[in-house]
Amino acid sequence: MSASLRGIVSLAVIASLAGACEQARQAPATVDTTTPPPPTPPDTALSPLPPPVPWDTAAGPLIVVRGDSGETAVVVLPQYTDSTLPVARSFDSASVRGAALDLFGRTGAVGQARLESVEAFEPGGGACVGWPTVALAAASGAGATGSAGALGGWTVALARGRATALPLDSIEALPAADSARLAADVSRLASALPDTPSSSFRGLPFTVRTAYRFAPAPGVQAVVADAVRKLNQEANPLQEHTLLIAERDSTGAGSRFRAVYSERKSGSEERVESAEILAALAFGPARRTALLVSRIGDETTAYALIERAPSGQWRLRWTSAPGC
């Protein structure tokens, strides 16, 4: 994955995504994946969500994620999850070779490409999988090379025609006053989420590591952010990441953000899992809004799809097997 993705890709996201091999190396983590019931006022405790459901087939049969230097990419196969991987045997790479792709980044649609080559893939029965690497070629222009890095600033690709992009506005690109206001909103919302009584981070201030504004539905403005708290113990510094989604009415003056989804991970500073937002997308004729997220651990990376229902409720739709 890229440095930015290994730093994040803080919607895994899901302590089980790291697998048994990760758990043996990582300090115990806590997870709080939540969403508010209708009578709960803004900024108060959120209630647990149901477990994730299978991959949304409207999103297509594969995900292609940009690699470390941009010169390579990997194919993530949605049928392989942390529960299905141990019984998987093999994958026919010919079934996706030549696939037409739409490329997406955080700023929106980037372009089109085709899957030019796919390495052999044997998932095996371990706790994590080495996803097959691929080469992409630009969809237009004869003689385009297989370098994914030559195709622009994309982060993720899906089968052609399966999704449309929702641009994400980064907090760093906003005017100073808007940036400061958004950071204050994220910190306020993260502070209002419930802490466990034994949490070592209770009362500590939040730092906003990443934050993006976007429009998940008409008349709705949303923010997805990673808020971090640190406990600087000399021998074992700890860190906590809170992935937060909040919404507000964009048509009402003075409307405030309210938290609609959150999950929290904590552990050793060097091993704690964080999340990076790859893209915001709308799937199918119903244009179901979702965030594609990478969940980066100490030695594994997994992927998640966090989806918005028409009612405005967000839920974890799917999580991949952890990649080695």
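Buried means under 20% relative accessible area, exposed over 50%, and partly exposed in between, with a 1.4 Å probe and protein chains only. By that cut-off Phe-214 is buried, and so is Trp-314. This is a predicted model: local features need pLDDT of at least 70, side-chain atom pairs count only at pLDDT 80 or more, and totals for chains, interfaces and linings use all residues. Residues are numbered from 1 along each chain as its sequence is written, and side-chain values use heavy atoms, with hydrogens and water left out.

**Overall make-up**

- The protein chain has 3 helices and 18 strands. Helices (H or I, at least four residues) and strands (E, at least two) are DSSP runs, numbered from the N terminus.
- The chain has 324 residues, and 53% of them count as buried.

**The five-strand sheet**

- An open sheet is formed by 5 strands in the order β9-β15-β16-β17-β18, with antiparallel pairing. Two strands pair if DSSP finds at least two bridges between them.
- The edges are β9 (163–166) and β18 (314–319); each has a single partner strand, so one side of each is left without a neighbour in the sheet.
- From one strand to the next, the twist averages 35°. Axes are lines fitted to C-alpha atoms, for helices over the stretch in contact, and angles run from 0 to 180 degrees between N-to-C directions.
- β9 and β15 run antiparallel and are joined by 4 bridges. Thr-164 stands opposite Ala-282 in β15.
- Arg-287 sits in the loop between β15 (274–283) and β16 (288–296). Its phi is near 50°, a positive value in a residue other than glycine. Arg-287 counts as partly exposed, at 45% relative accessibility.

**Aromatic pairs**

- The whole structure holds 2 aromatic pairs. Rings of Phe, Tyr and Trp (its six-membered ring) pair if their centres lie within 6.5 Å; planes under 30 degrees apart count as stacked, over 60 as edge-to-face and the rest as tilted.
- Trp-55 and Trp-318 pair edge-to-face, at 4.6 Å centre to centre and 70° between the planes. This pair links distant parts of the chain, 263 residues apart: Trp-55 is in the loop between β2 (47–48) and β3 (63–66), and Trp-318 is in strand β18.
- Trp-55 counts as buried at 10% relative accessibility. Trp-318 is also buried, with a relative accessible area of 2%.
- Phe-214 and Trp-314 have ring centres 6.2 Å apart and planes at 85°, so this pair is edge-to-face. Phe-214 lies in strand β11 and Trp-314 in strand β18, so the pair ties together parts that are 100 residues apart in sequence.

**Around β11**

- β11 (residues 207–217) pairs with β10 (residues 169–170) in the antiparallel sense, over 2 bridges. Ser-170 has Tyr-212 in β11 as its bridge partner.
- β11 also pairs with β12 (residues 220–231), again antiparallel, over 8 bridges. The bridge partner of Ala-217 in β12 is Val-220.
- The hairpin of β11 and β12 has 2 residues between the strands; there Gly-219 takes a positive phi near 75°.

**Helix α3**

- α3 (residues 176–192) has 17 residues and reaches 25 Å from its first C-alpha to its last, close to the 24 Å expected at 1.5 Å a residue. The expected span is 1.5 Å times one less than the number of residues.
- Buried residues of α3 include Ser-179, Leu-182, Asp-185, Val-186 and Leu-189.
- The buried residues of α3 pack against β11, β12, β13 (238–249) and β14 (258–268). Contact means heavy atoms within 4.5 Å.

**Strand β3**

- β3 is covered on both faces: Ile-63 and Val-65 on one side, and Val-64 and Arg-66 on the other, are all buried.
- β3 is joined to β4 (residues 73–76) by 4 bridges, and the two run antiparallel. Arg-66 has Ala-73 in β4 as its bridge partner.
- β3 is joined to β8 (residues 156–159) by 3 bridges, also antiparallel. In β8, Ala-157 is the bridge partner of Val-64.
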